[in-house]
Amino acid sequence: MSISNSDYSKMTDKASPNSPVILNCVKAFVFGGGICLFAQIMNFVFEGMGIGEDTVKLATPSLIIIITAILTGIGVYDKIARHAGAGTIVPISGFANSVVAPALEFQHEGYILGTAAQMFSIAGPVIVYGTATSVIYGLIYYLVTK
């Protein structure tokens, strides 16, 4: 039995609920902003403790990564992401989640072939293309400013 493209489109439109775009944008803004606000507050706390500026620049992202990894590990980050949507993809927390989630998913296959092999299945392309792009950008910058 063959279905025409228009019939198929009607079936998918009927089966797929519409997304509340405005509400999703507001949630993403609030949650993403909340993550950034938390990081800024931690910056102020670390500076208030008398920690040097260079150390604060390392401590704040490290704390966000650790918190995200723990929340992903105990299943809370996914529940937050269901409501926050793109707001949880704030670069550092989204990246930490994309490394930890596949590692947890494949841990039943063992530490080497499961966790270690799959850990970067989602984040790997970001690392590869990010590194390659930065090298190309650096070469172009070097050649233009030389």
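**Before you start**

The model is predicted: local features need pLDDT of at least 70, side-chain atom pairs count only at pLDDT 80 or more, and totals for chains, interfaces and linings use all residues. Residues are numbered from 1 along each chain as its sequence is written, and side-chain values use heavy atoms, with hydrogens and water left out.

**Stop 1: the whole chain**

Select the protein chain. It has 7 helices and 0 strands. Along the sequence the pattern reads α-α-α-α-α-α-α. Helices (H or I, at least four residues) and strands (E, at least two) are DSSP runs, numbered from the N terminus. Of the 146 residues in the chain, 20% are buried. Buried means under 20% relative accessible area, exposed over 50%, and partly exposed in between (1.4 Å probe, protein chains only).

**Stop 2: confidence**

Colour by pLDDT, the predictor's confidence in each residue, from 0 to 100. The chain mean is 85, and 87% of residues reach 70 or more. Where is confidence lowest, and where is it highest? Helix α6 (residues 111-118) has the lowest mean, 65, and α2 the highest, 94. Where pLDDT is low, the predicted coordinates should not be read in detail.

**Stop 3**

Select Ile22, Val26, Phe29, Val30 and Phe31. Together they make a nonpolar surface patch of about 540 Å². Patches are made of residues with over 30% relative accessible area and no salt bridge; like charges are joined within 9 Å, and nonpolar side chains (Val, Leu, Ile, Met, Phe, Trp, Tyr) within 5 Å. Accessible areas come from the Shrake-Rupley method with a 1.4 Å probe; for residues, only the protein chains shown count as cover. Now pick out Phe31, in helix α2 (residues 21-48). Phe31 counts as partly exposed because its relative accessibility is 33%.

**Stop 4**

Go to Lys57 and Glu53. Their side chains meet in a salt bridge (3.5 Å, N to O). The structure holds 1 salt bridge. The term means a side-chain nitrogen of Lys or Arg within 4 Å of a carboxyl oxygen of Asp or Glu. Both residues lie in helix α3, 4 residues apart, about one turn of the helix. Lys57 has 51% relative accessibility, so it counts as exposed. Glu53 is at 56%, so it too counts as exposed.

**Stop 5**

Is Thr60 buried or exposed? It counts as buried because its relative accessibility is 7%. Show Asn43 as well: a polar contact of 2.6 Å joins the two side chains, Thr60 and Asn43. A polar contact is a pair of N or O atoms within 3.5 Å; within protein, one must be able to donate a hydrogen and the other to accept it, and residues adjacent in sequence count only if both atoms are side-chain atoms.

Next, select Asn97, in helix α5 (residues 91-105). Asn97 is at 16% relative accessibility, so it counts as buried. Its side chain makes a polar contact of 2.8 Å with that of Thr72.

**Stop 6: helix α7 and a ring pair**

Finish at Tyr137 and Tyr141. Both lie in helix α7 (residues 124-145), 4 residues apart, about one turn of the helix. Rings of Phe, Tyr and Trp (its six-membered ring) pair if their centres lie within 6.5 Å; planes under 30 degrees apart count as stacked, over 60 as edge-to-face and the rest as tilted. By this rule there is 1 aromatic pair. The ring centres of Tyr137 and Tyr141 are 6.4 Å apart and their planes are at 20 degrees, so the pair is stacked. Tyr137 counts as exposed, at 57% relative accessibility. Tyr141, at 51%, also counts as exposed.
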